[in-house]
Amino acid sequence: MSAPFKLPALPYSVDALAPVIDSQTMTIHHGKHHQAYVDALNKAVASDAKLQGLTLEQLVANAGSQIPVVRNNAGGHWNHSFYWESMAAPSRSGAPSQTLVAAITKTFGSMEAMKAAFKQAGTGRFGSGWAWLLVKADGTLAISSTPNQDNPLMDIAEVKGQPILGNDVWEHAYYLSYQNRRADYLDAWWQVVNWEKVSERYSAALASTKTR
Ligand code: MN3
């Protein structure tokens, strides 16, 4: 997809993730925050001929050479589009595939240990940012955290790779229900992870590292 970029529809209703994420948070987060990233990105791209025709993925991959407004808003658009698709109603959360469970167990020791490391990445991020589970270029799993709207696809990321799961730890993602309790949001959030989607992403990321 290239400019003009559009706000994707949520893959569920705004109250589908309640009580883990309340409907007011979803409404504002998607309709106001994500929309604002899309609008700011379109405005920035419209005023720079060099950026026109580039896809969102290309803008994100070259974040290190973009001006901050492009880096932040391309990241914001990519990250939020990915985040909505990472979640599902608690009744549809499902379970990770056997291959994904095996890879998680091999890398982290257990599913619980992976969740603890992910929580550490989210709570340890000072200020605003994201926690990620990703597949590195060598096909192994890793957990990382990025500041602001950066992500592991960016050339400037400390830990690079293909994200398969990402959680938004900006206060706007949880403050109405959890106030300062980011750790509680991170714990509750596992109830709405769309494991079918994450497993699909894992298989696709693994296949692309093998053909490189
Ligand atoms: Mn957000």
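The model is predicted. The structure holds 5 salt bridges, and three of them are described below.

- His29 sits in helix α1 and His80 in helix α3. The two are 51 residues apart, so this pair links distant parts of the chain.
- Both His29 and His80 are buried.

**Helix α1**

- Helix α1 covers residues 23-46, a run of 24 residues.
- Asp22 caps the N-terminal end of α1. One of its side-chain oxygens lies 3.2 Å from the backbone nitrogen of Gln24.
- Buried residues of α1 include Thr25, Met26, His29, His30 and His34. Further along, Tyr37, Val38, Leu41, Asn42, Ala44 and Val45 are buried too.
- Residues three or four places apart in an α-helix point the same way, because there are 3.6 residues a turn.
- The cover over the buried residues of α1 includes helices α2 (56-61), α3 (68-85) and α6 (175-178). Strand β3 (162-168) is also part of that cover.

- Side chains of opposite charge can pair when their charged atoms come close.
- Arg71 and Asp150 meet through their side chains at 2.8 Å, N to O. This pair links distant parts of the chain: Arg71 is in helix α3, and Asp150 is in the loop between β2 (141-147) and β3, 79 residues away.
- Arg71, at 27%, counts as partly exposed.
- Asp48 pairs with Lys50, with the closest N and O atoms 3.4 Å apart. Lys50 is exposed, at 68% relative accessible area. Asp48 is partly exposed, at 23%.
- Glu200 pairs with Lys197, with a closest N to O distance of 3.6 Å. The two residues are 3 apart in helix α8 (residues 195-210), so about one helical turn separates them.
- Glu200 is partly exposed, at 46% relative accessibility. Lys197 is partly exposed as well, at 24%.

**Asn151 in the β2-β3 loop**

- Asn151 lies in the loop between β2 and β3. Its relative accessible area is 0%, so Asn151 is buried.
- A polar atom of the Asn151 side chain lies 2.8 Å from the backbone nitrogen of Leu153.
- Beyond residues up to four places away in sequence, Asn151 touches Val60, Trp78, Asn79, Trp132, Thr146 and Ala157.

- Most residues other than glycine have a negative phi, and most peptide bonds are trans.
- Where is the cis peptide bond? A cis bond joins Ala18 and Pro19, with omega about 5°. Pro19 lies in the segment before α1.
- Asn148 has a positive phi, near 55°, and is not a glycine. Asn148 lies in the loop between β2 and β3. Asn148 is partly exposed, with 40% relative accessible area.
- Gln179 also has a positive phi, near 45°. Gln179 is in the loop between α6 and α7 (182-189). At 30% relative accessibility, Gln179 counts as partly exposed.

Key. Residues numbered from 1 in each chain as written. Predicted model: local features only at pLDDT ≥ 70, side-chain atom pairs only at ≥ 80, totals over all residues. Heavy atoms only, no water. Helix = DSSP H or I, 4+ residues; strand = E, 2+ residues; numbered from the N terminus. Expected span 1.5 Å × (residues − 1). Buried < 20%, exposed > 50% of the residue type's maximum accessible area, 1.4 Å probe, protein only. Contact = heavy atoms within 4.5 Å. Polar contact = N/O pair within 3.5 Å; in protein donor to acceptor, adjacent residues only side chain to side chain. Salt bridge = Lys/Arg side-chain N within 4 Å of Asp/Glu carboxyl O.
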